[in-house]
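Hi there,

Here is the structure I promised to send over. Have a look at it first, and my notes follow below.

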Amino acid sequence: MSVTELSDPPRPEPASSTAPPDRPARSASPFGALLLRLHFYAGILVAPFLVVAALTGLAYTVAPQVDAALYGEVLTVTQVGGRPLPVADQVGAARNAHPEGSVSAVQPGTGDRTTRVVFTVPELAERQHTVYVDPYTGRVQGRLTTWFGSTPATTWLDDLHRNLHLGTVGRHYSELAASWLWVLALGGVVLWWRRRRASRATARHLLVPDLAAARGVRRTRSWHATTGIWLTVGLLFLSATGLTWSRYAGANFGTGLDALDARAPQLSTALAAGPAPADTGGGHHGAAGAGGVVESAAFDRVLTTARTAGLAGPVEIAPGAPGSAWTVTQVDNTWPVAKDRVAVDPTTGTVTARSDFADWPVLAQLSGLGIQAHMGVLLGPVNQILLAALALGLLCVIVWGYRMWWQRRPTRADRRARTGSAPPRGGVRGLPWWAVLVGVPVVVAVGWALPLLGLSLVAFLAVDVVLGLAARRRDTAPAPAGE
């Protein structure tokens, strides 16, 4: 699982007058040499993608504050009243302000939050128009073009982080970063543990920079490694959750969930007196509405039934197609989350189906919670702070990594270089046969599950082989006559 070293035997590092190498006295094992070379090449070549992901992710962590600053007058009411108006009246006010399109979802306002009436408009494709209504006065406070409930600013920040506003092509950058992040994190932990063990350092030095004895590249390495140790769990979490909705690895993850029957269960909206409608995905904003022709009183009837059934807190009401039930879904994504759903007959006000979050498969629960945590909403402001700290810490680790590369450069007058040399080749040839026998299928399986990781690993291998052959040819070339 590395950029292999096929051609040259290990060679000693060039001497450096400013940054002597900090290596154990004993020779490195083939496993260590292989891992070190993989960590080096991946760090140099993948780090730019990680920098972009960290910076855009850092920007996304403040999305709630950006929304409050830009859309506070739309998203919140100026004065909380005693009792909200009937939902039907609020929907009517929104319809008067937005006569085109069909009502696809309604989120009744609670506390100081306005009611959100979502209209599906064919010209907007995946996006919708959301009209915000004061639930206590019925006054329309504004309209925004939203994407699954996100404001234009949050949608812009989300697109920036996911695809750099480049659409499908741009998604490759974030998937590549997420695919390698866990490899770099775990590889760094193993390398640092091996180095500390070889030097017989105390366990404390795994977590605390050794500033007393460290100088130059050693000091930088100490900061790079110990900070990485502290970030490891968070980086693994970001890698795993980011891959779940990536283009290729995410598709493989979805296939695995299907094979294990571990997706969130569908909520049936079929009524005995009507044909079963197409699945609406549990009431997402893209669910088929009623073509704009709905009985307004049904909103209050359905909401009352859902409250009686135990759906407290913020909810979303999604009108169904004619002859099918409406869905009511809890939309509280903060911990403890509330994601229970019921299907309600809009005519009789009876519950026809129910799906509680507690009954979901464990993998579906973990996936849902992980995505909310990745987006910074599961734990509220604490979640935002943790994500920001992870992004800043990752940026520091990357900067220190590049600094080590520069500090290890040869500085002798006859052998100056702008950067340090790569770790020596030769690790693959020293591996025992059983390691190759087991390792190759594992690498192939990981490359299949994470295609961009597999493809980039092959690309690293090709480049490394070419560079190795070129270096070997230079070393064996005859010297010019007369020298």
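Is Thr-151 buried or exposed? Please keep in mind that this is a predicted model. Thr-151 counts as buried, because its relative accessibility is 3% and the cut-off for buried is under 20%. You will find Thr-151 in the loop between strand S4 (140-146) and helix H4 (152-163). Its side chain makes a polar contact with the side chain of Asp-67, at 2.5 Å. Leaving aside residues up to four places away in sequence, Thr-151 touches Asp-67, Tyr-71, Leu-75, Leu-144, Thr-145 and Thr-146.

Phe-148 lies in the loop between S4 and H4 too. Phe-148 is not a glycine, yet has a positive phi of about 50°; at 42% relative accessibility it counts as partly exposed. Asp-261 also has a positive phi, near 50°, and sits in the loop between helix H8 (248-259) and helix H9 (296-308). With a relative accessible area of 66%, Asp-261 is exposed.

Next, a pair of helices. The axes of H7 (residues 217-244) and H10 (residues 362-374) come within 9 Å and cross at roughly 110°, so H7 is roughly perpendicular to H10. The crossing is left-handed. On the H7 side, Phe-237, Leu-238, Thr-241, Gly-242 and Thr-244 meet Gly-370, Ile-371, Ala-373 and His-374 of H10. These contact residues divide into four nonpolar, five polar and no charged.

One last item is a cis peptide bond between Trp-335 and Pro-336, with omega about -5°. Pro-336 is in the loop between strand S6 (326-330) and strand S7 (341-344).

Best wishes

Notes. Residues are numbered from 1 along each chain as its sequence is written. This is a predicted model: local features need pLDDT of at least 70, side-chain atom pairs count only at pLDDT 80 or more; totals for chains, interfaces and linings use all residues. Side-chain values use heavy atoms; hydrogens and water are left out. Axes are lines fitted to C-alpha atoms, for helices over the stretch in contact, and angles run from 0 to 180 degrees between N-to-C directions. Helices (H or I, at least four residues) and strands (E, at least two) are DSSP runs, numbered from the N terminus. Angles under 35 degrees count as roughly parallel, over 145 as roughly antiparallel, 65 to 115 as roughly perpendicular and the rest as oblique. A crossing is left-handed if the near helix is turned anticlockwise from the far one by less than a right angle, and right-handed if clockwise. Contact means heavy atoms within 4.5 Å. Ala, Val, Leu, Ile, Met, Phe, Trp, Tyr, Cys and Pro count as nonpolar, Asp, Glu, Lys and Arg as charged, and the others, Gly among them, as polar. Buried means under 20% relative accessible area, exposed over 50%, partly exposed in between (1.4 Å probe, protein chains only). A polar contact is a pair of N or O atoms within 3.5 Å; within protein, one must be able to donate a hydrogen and the other to accept it, and residues adjacent in sequence count only if both atoms are side-chain atoms.
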